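Have the sequence and the 3D view open as you read.

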Amino acid sequence: MSTVGETLNVLHPLVEKYLRKERMPHMACSGCGIGQVVHSVLLAIDELGLTPKDTVWVQGVGCSSRITYSTWVGDNVDAHHGRMFAVATGLKMARPDMNFICFTGDGDCGAIGGNHFIHACRRNLDVTAILFNNGIYGMTGGQVAPTSPVGAVTTTTPYGNIEDPFDMCQMAVAAGASYVARWRSTDFKALTNSLKKGIQTKGLAFIEVLLQCPTNFGRYVLKSSNPQDVLTWIKEHSVTQKEAEKLSKEELTGKYLIGEFVHRPERTGIVERYQEFLKTHQKY
Amino acid sequence: MPSGVIPGKYFVQGDEAIAEGAIAAGCRFFAGYPITPSSETSETMARRLPEVGGVCLQMEDELASIHAVGAASVGGMKAMTISSGPGISLKLEGLGWGIKNEIPYVVADVQRAGPSNGVATRVGQGDFYTIRYGSAGGNHSIIALSPKSTQEAFDLTIDCFNLSEIFRCPVFLLTDETVGHTRELLVIPEEDELKVVKRFKPTVAPEKFVMYPLNTPGVINYPFPNIGEGYGICVSPYTHNSKGYASTAQDIQEKMARRLVLKVTENLDKLVRVESQKMEDAEFAVIAYGGNARPAVAAVDMAREQGMKVGFFRPIIVWPFPDADVLKVAEKVKNILVCELNIDGQLSREVARASKGKAEVFHFGSGGVEPHLPAQIFNEIRRFYK
């Protein structure tokens, strides 16, 4: 049997190429889905030929961000809780020539940072935002999230959650993001392709990933810390858009729709518009 | 790139002078949220920044604007935001991010009568401690300059930008509605007469550069590499080691906290900015700051006309508080009258602390809306003058 230290001697080639080895091992719990998503992100970056010189990783606060922060071999900018989109706005407007890969969580983006999320979509800020949706507050120990299902027992809803979950993809579509999609952590190929498409799309690409949190969602909501049980729950509670066409409204209740919701590359955003605007108004 | 400074004589408000000062200092990013009595700065920036190729954004709230400003500075642009009381309360959330990551930018606070919404259009001076201690967690210094006139609003805004680069931290311009809305003469000098500090850049290779100099906490004029310059910087809300990596170690926390305090307190000689009038033979001192310094000076003149030996002292830098200079005043006079636009006594509390019992300190406060009248201050001088 190998120890953790021995295992680390063999790093994934994408980790070797793009992540800071001194920051490994990462902080994710066993069975967490974040590693799967980061794998897709690194593959998309690799296949598109982005480099640490032209690409910055931006985070908020929560598992999505604490685990990925300061791992990228280029520049890393981690915001206060909820302020990822505000920080990304300042960064992108200062350096419109650079790519920004932004990581956020369901609490970071859907609760404390909800207003910044809406307005980043409205401005159609040209960054790629990946929402890690585990349906619960993981970093703080299993409190109810705006994405937790109705009835979910968490550490702050001991009698069950009475609030409806927030569909952030619908919000992103309504508020004006150029590209919006939702996948599961197990949709490796679709997610990777979607990330590539999102990064290449001008304007805001908002990609939500439903991922397993055995430590908190499993433990409190499903009463099982087995990652497989959480993955099964996600599978049972999600349908592709194609599958959804055959289902009744009742059958779709409580189900996550999976797939691409909008791709409107023709829609301009604040970055391009500001550059155009300066052509008219800059005097000095 | 030409700076877009337009020299000349102008008849403008203090708020407009702040915007011109910012542009002259090289500010190229502004993000704000409308709030009286600071909106004239945002409006001037919205007109002027595009002319010089800068970015001006009206954000969805105060939180977004201060975070975008901090981020734009990390991106390489000199940046600024502005607000007033209720907005400053919100901005304090983002301020900690700037303080901890040592990000240079400027925040202007045009104080109005509080608490809460208070009187939006009228003067107050209640944010003196808010800007110093409002950012949760302690373990940091704050630099804040306070102008008394339109001209000073311009000059000190440039000074704030320079200090933010020298000390690698957010710097406050603590002004008030009186200065913000007073329309008077502003002289913008020729560009080559302005002293503008550029961002310090690393002269060593990325692998040798120390992003956060935790082992030399008092060092200033320290480089800040921006994103895209090959230095692989790490900026975060967490206690960081010298690379910017998050740490929970007690010794790292200790070093980081000392760095954020000592870089200011070990360089106080670079920060002396005070004004004295008629202090040579004074037996009684009047102390005031910002717009309320104007009636205080007038009241001192009234007292002098009556043959009373009264002098005037003003902290232009309000944080770090000029303890040594206030102590010199206290050693010279018997009594000090502190005039400020709050009832709770903020500046007067600092004056009393810095005086170390060498003089008796009296607080003359008002809840705001109107600045003090010279006659009101003169009456107080007569009450306590011995």
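Two strands pair, in the sense used here, if DSSP finds at least two bridges between them. Strands themselves are DSSP runs of E with at least two residues, helices are runs of H or I with at least four residues, and both are numbered from the N terminus. The model is a predicted one, where local features need pLDDT of at least 70, side-chain atom pairs count only at pLDDT 80 or more, and totals for chains, interfaces and linings use all residues. Residues are numbered from 1 along each chain as its sequence is written, while chains are lettered from A and ligands numbered from 1 in the order in which they are written.

**A sheet in chain B**

Let's start with an open sheet of five strands in chain B, in the order β11-β13-β12-β15-β16 and with mixed pairing. At its edges stand β11 (274-277) and β16 of chain B, each with a single partner strand, so one side of each is left without a neighbour in the sheet. On average, neighbouring strands here are turned by 20° against each other, direction ignored. Within the sheet, β12(B) and β15(B) run parallel and are joined by four bridges. One spot to look at is B:I287, whose bridge partner in β15(B) is B:V338.

A contact means that the C-beta atoms of two residues, placed from the backbone, lie within 7 Å. The angles run from 0 to 180 degrees between N-to-C directions, with axes fitted as lines to C-alpha atoms, for helices over the stretch in contact.

| Helix | Strands touched (chain B) | Angle |
|---|---|---|
| α9(B) | β11, β12, β13 and β15 | about 165° with β13(B) |
| α12(B) | β12, β13, β15 and β16 | about 155° with β15(B) |

Which residues of helix α12 (residues 374-384) of chain B are buried? They are B:I377, B:F378 and B:I381. Seen down the axis of α12(B), these fall within an arc of 105°, so they line one face of the helix; the arc is that of the directions from the helix axis to the C-beta atoms. "Buried" means that 20 or more other C-beta atoms lie within 10 Å of a residue's own, "exposed" means 12 or fewer, and partly exposed is in between, with C-beta atoms placed from the backbone. The face turned away from the buried side of α12(B) carries the exposed residues B:A375 and B:R383. Among the elements covering the buried residues of α12(B) are α9 (293-305) and β13 (310-315) of chain B.

**A covered strand in chain A**

Now hop over to strand β7 (residues 179-184) of chain A, where six of six residues are buried. Both faces are covered, with A:Y179, A:A181 and A:W183 on one side and A:V180, A:R182 and A:R184 on the other. β7(A) pairs in the parallel sense with strand β8 (residues 205-210) of chain A over six bridges, and A:R182 stands opposite A:E208 in β8(A). Strand β10 (residues 256-263) of chain A runs antiparallel to β7(A), with four bridges joining them; there, A:A181 stands opposite A:E260.

**Where the chains meet**

Finally, 33 residues of chain A are in contact with 39 residues of chain B. On the chain A side, α5(A) gives the most, with seven residues. There is a strand pairing between the chains too: β2(A) and strand β10 (residues 234-235) of chain B pair in the parallel sense over two bridges, and A:N76 stands opposite B:C234.
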